[in-house]
Amino acid sequence: MLKSTLDRIVRSHRNVTSSCSISISSISGVPKEKVDCVVIGAGVVGLAVARELALKGREVLVLDSAPTFGTSTSSRNSEVIHAGIYYPTHSLKAKFCVRGRYLLYKYCSEHNIPHKQIGKLIVATGSSEIPNLHNLMHRGIQNGVDGLVMMEGSEAMRMEPELACLKALLSPLSGIVDTHSLMLSLVGEAENHGTTFSYNTTVIGGHIQQNHLCLHVSGTKTLENWNRKFPLQPEMILIPKLVVNSAGLSAPALAKRFDGLRTEHIPPSRLARGCYFTLSNTTICPFRHLIYPLPEDGGLGVHVTLDLNGQVKFGPDVEWIDGVDDVSSFLNKFDYSVCTNRKELFYPEIRKYYPNLKDGSLEPGYAGIRPKLSGPRQSPVDFQIQGEDVHGITGLVNLFGIESPGLTSSMGIAEHVATRFFRG
Ligand SMILES: Cc1cc2nc3c(=O)[nH]c(=O)nc-3n(C[C@H](O)[C@H](O)[C@H](O)COP(=O)(O)OP(=O)(O)OC[C@H]3O[C@@H](n4cnc5c(N)ncnc54)[C@H](O)[C@@H]3O)c2cc1C
């Protein structure tokens, strides 16, 4: 019944309309359905959560506004398995990165997901950067990252003949993963344990009833056809015992549409686009390790990433961008364009550690957008995982600010959500 109703919603092309708030009185007559767990968002984090809940015997329904899984940030990143060096000690980012990295390598090995523990060199190219490199090593050790080695530049340059640096921090636990294969495997396992996936299905808001969140759901086509003149109506109301808002870039905007959730619990969100350029005119990969400069404001610096096919990409840079309205964000109408002119900024950054980079060798690649909770020149903000203890609504978990290292942390976050909030 539920699946067929959702399928009908998805197929329908009705022109329904919206405003920013949905009045509860206007939703009588809309089909309602009780369900066990709903995960909003089929990115790598939502998928990992869905799988974990399904393995624990829960009945899970995953809703995503897109036609398939992983079309947003989860397919627009560096695909790096981070060791856990950068993040403040005791932060959720440090905790879930270290735990998630362990779980991810184990999962990839056990499920034949293409991945490689190729290691990373974080490099200091000026003497003023050397104290920061030592600080990073110290922080990494405090976070429980094993195997870190501080190297003289000469030693690192023997390992990587194209590299130029004064000192380098070797992180042997860092690696790369084929994110699409990972997500495909998580979907398959979740489905095998009874999870239902409903794509082209958008959560447009919700209201609180008996201290539980009721979700307002609409077909994505309906939203795309919405003329914005009339209030948006849900086509179905789901009454779940448990809801995980894992809507990535849209998670805060969606939470603002949960009528009855106090806005003080919804952090201000900022967006930072990161563009990649690929290396053309060469068949030989200049590096064997991931090469990272020291972190910059808002990101980890324009680094060298290798994918599992040996393709080299540089990025992502940091460009603070304006948001879009909430409904556009649910439809992933963000600006992912890569401005070719930005390559002029990339050449000098890359040449600090790769001086032989030839003119004309950078080609525009792709862009991703970081769902940040702090803005330019502000201290980075940690992941926010809010359950009833924070906002008082039974069975609702909001995941806010799941930027890097969200891919690495996905299975750690999933384990936490399933054990901390969804016992029994
Ligand atoms: C440039 C860049 C580089 C990165 N590099 C790395 C890296 O190397 N290593 C690492 O560990 N992490 C990295 N990250 C971070 C990582 O990519 C993210 O943390 C992770 O992909 C987030 O996954 P998610 O499932 O939370 O969100 P998403 O992948 O964004 O998924 C959210 C899903 O929610 C759906 N959705 C949105 N609104 C609604 C709605 N209203 N109703 C229904 N569905 C909805 C969307 O369609 C989407 O599928 C990087 C991020 C960026 C931007």
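Which residues does the domain assignment of the chain give to domain 1 and domain 2? I looked this up and found 2–74, 181–267 and 382–420 for domain 1, and 117–172 with 269–372 for domain 2. Such bounds come from an automatic or database domain assignment.

I noted that this is a predicted model, in which local features need pLDDT of at least 70, side-chain atom pairs count only at pLDDT 80 or more, and totals for chains, interfaces and linings use all residues. Residues are numbered from 1 along each chain as its sequence is written.

**Between the domains**

I looked up the centres of domain 1 and domain 2, taken over C-alpha atoms, and they are 32 Å apart. The contact involves 24 residues of domain 1 and 14 residues of domain 2; two residues are in contact if their C-beta atoms, placed from the backbone, lie within 7 Å.

On the side of domain 1 that touches domain 2, α7 (220–225) and α8 (251–256) supply at least two residues each. Helices are DSSP runs of H or I with at least four residues, strands are runs of E with at least two, and both are numbered from the N terminus. The largest share of that side, four residues, is from α8.

I then sorted that side by class and found nine nonpolar, eleven polar and four charged residues. Ala, Val, Leu, Ile, Met, Phe, Trp, Tyr, Cys and Pro count as nonpolar, Asp, Glu, Lys and Arg as charged, and the others, Gly among them, as polar.

**The sheet**

I found an open sheet of three strands, ordered β3-β8-β4, with antiparallel pairing. Two strands pair if DSSP finds at least two bridges between them. β3 (80–81) and β4 (115–116) are at the edges with a single partner strand each, so one side of each has no neighbour in the sheet. β4 pairs with β8 (residues 175–177) over two bridges. H115 has V177 in β8 as its bridge partner.
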